[in-house]
Amino acid sequence: MSTDNLEQSLHSGQSGQSGTATLPPEAPGPTADVPRGEEPAPQESSRNSSPASLAGMLVEAGILSADQVAKVQEIARRERQSLGRILVRDGLVLSRDMATLIALYLGLTMVDLRSETIDPKSIALVPEDLARKHLVLAIKHNEGHLSVAMTDPTDLQLIQDLAARTGFIIDPVIATADDILEQIDLSYRLTQSLKVDTLAEEGGHTDERVTAKHLREALPTQVISLLLSQALQDRASDIHVEPTETLLRIRFRIDGILHEIMQLPMEMHPALISRLKIMSGMNIAERRRPQDGQLNFEALNRTVDVRVAVSNTANGEMCVLRLLDNKKFTLLSLDQLGFGGDALDSYRRLLQLPYGMVVICGPTGSGKSTTLYASVLQMDRSEKKVISIEDPVEYRINDASQMQVNHEAGITFATALRSILRLDPDVILVGEIRDQETAGIATQAALTGHLVLTSLHANDSVSGLLRLRDLGVPPYLIASSLGGLVAQRMVRLVCSNCKEMSRRPLAEQQAYTAEIGESQERFMYGAGCNICAHTGYHGRMGVFEIMTMSDTIRQLFLEDAPRHRLWEQAVSEGTKSLKHDGMLKVGAGKTTPYEVMRVLFSLE
Ligand SMILES: [Zn+2]
């Protein structure tokens, strides 16, 4: 750094006092304490005493003793690292606590980098090694000001250095060390590639253009593999690449919910989509019609199959990558799925029926097939012949014969089911009943000595029962073949790494009390951490409602009793509603009132 630059940056900093402050006016400490200009490397000890130095704040807030701080400062000096970094690294202060403390003391804005729009050109203003060393991330620039997320804005030397390097007045904002590190990991590789791209467009050198052309070919592949690794690390099931009018939005679906991960410039869109098409075996020239493809991806010592779908939208081609990770299925047993206590007993009894039909009800994405698989997995398949017809086969089950629907080859649920009956099965798994023909054959099979497990698109157990009738199956056939119905949904689990009790809004308290009868103000919530990709949730479990067909329910059904009569009867026989089961899981701290409400309260 030249002396000129330094002086320039200092000048910018000083002129900032009139409204364009490098530090807010409420924080006079460092500006008063630290010598400006004459002594570019202030001693750490000179900041000790002031409460507006990080060390001073920690002591004043009673988080650490003066002795402790002095020790850490010594370590920081020895390792040439920032004080904040050592504090968080050694677990002395939680990174979120520290950020909140600093923001509070200095009256600075605290930003959540995950929801912040980060400008790639701003990121590129600060070299990656500097960003990593000091935990800073430049997020946007405007009229000579550069907004920089940092953990320690009292480090004047750092601010001066940044100002000198970038030529901007530095406006510090506060973010947690974890968040900044994560964004550094995520952003720099992308911006480095971007930088080359931008240079190629703006620069006039022939040599660079040629190089850029090669890079354009290689670049999207890098972006794709980066996105796939991040998705795998975040346990995402899908990556959405969506063009908007102005930019390219990347979202991950984690535990069933979409989260925006980043925004990329629209310039990257055509090359990225083309590369994806090539990698997944699609026709690169076809832009109007939807296409499907597949690609393999190796990471974390395993190969992940990725299904790729591209469709045209008003803003251009949209792409969804679905990560098929078989590992998710392998360990699921019924109690891991979320069947608890009484529900587990009731469901086990249904699965032990010698014949009859058991129907899992729920909308798309409610985990029906996971439950069907878990049900078959807990059966003794050496003694029972299990045959399935699925669309598609999502997971291979040992010792079971699995068939896949193939419309082109004329294999439908109905035709396959007829042929299965000739193969002497004990248990038949029918992926889903969608039409009258399949419903008819499945009920017949259940009546003729087979246990039929299947699923139905219906909101709750009584709706499932009525839906079978609406599909055209005669009521007497339903009444005599049906063993029971299970309605289910998936709720996200509170992340066990960052869970803590927190006071929740009245609406959540009331929703809980309405089901459980006890009032409660505080519930277990995840604060957000790296393990849960800052969602506060990690993994999912089912909530269930089980209706076993009793003689009384059969009779009511045959008499065409109204829905509420059927439900009242089921409740009187011990059926617990989906909401009730959900709130029981809230009471156990496994999920949150918000989550149960999100999944189940939209029904009414
Ligand atoms: Zn967490």
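**Helices and a mixed sheet in a predicted model**

Leu228 is located in helix 12, which spans residues 206-233. Helices (H or I, at least four residues) and strands (E, at least two) are taken as DSSP runs and numbered from the N terminus. The model is a predicted one, in which local features need pLDDT of at least 70 and side-chain atom pairs count only at pLDDT 80 or more, whereas totals for chains, interfaces and linings use all residues. Residues are numbered from 1 along each chain as its sequence is written.

A residue is termed buried if 20 or more other C-beta atoms, placed from the backbone, lie within 10 Å of its own, exposed if 12 or fewer do, and partly exposed in between. Leu228 counts as buried because it has 20 C-beta neighbours inside 10 Å. Between Leu228 and Glu298 the C-alpha to C-alpha separation is 9.5 Å, although they are 70 residues apart in sequence.

Helix 10 (residues 156-166) has 8 buried residues out of 11 and is therefore largely enclosed by the rest of the structure. Among the buried residues of helix 10 are Leu156, Ile159, Gln160 and Asp161. Gly167 follows helix 10 and has a positive phi, near 75 degrees.

An open sheet of mixed pairing is formed by 7 strands in the order 12-11-13-14-10-15-18. Two strands are considered paired if DSSP finds at least two bridges between them. Direction ignored, neighbouring strands of this sheet are turned by 20 degrees against each other on average. Strand 15 (residues 482-494) pairs with strand 18 in the antiparallel sense over 10 bridges. Arg492 stands opposite Arg540 in strand 18.

Helix 16 (residues 341-351) lies across strand 10 (356-361), strand 15 and strand 18, and runs at about 65 degrees to strand 18. Such angles run from 0 to 180 degrees between N-to-C directions, with axes fitted to C-alpha atoms, for helices over the stretch in contact; contact requires C-beta atoms, placed from the backbone, to lie within 7 Å. The buried residues of helix 16 are Ala343, Tyr347 and Leu350. Seen down the helix axis, they fall within an arc of 50 degrees and so line one face of helix 16, the arc being that of the directions from the axis to the C-beta atoms. Their cover includes helix 15 (334-337), strand 10, strand 15, strand 18 and helix 25 (578-587). Gly341, Asp342 and Asp345 are exposed on the other side of helix 16.

Conventions
Two residues are in contact if their C-beta atoms, placed from the backbone, lie within 7 Å.
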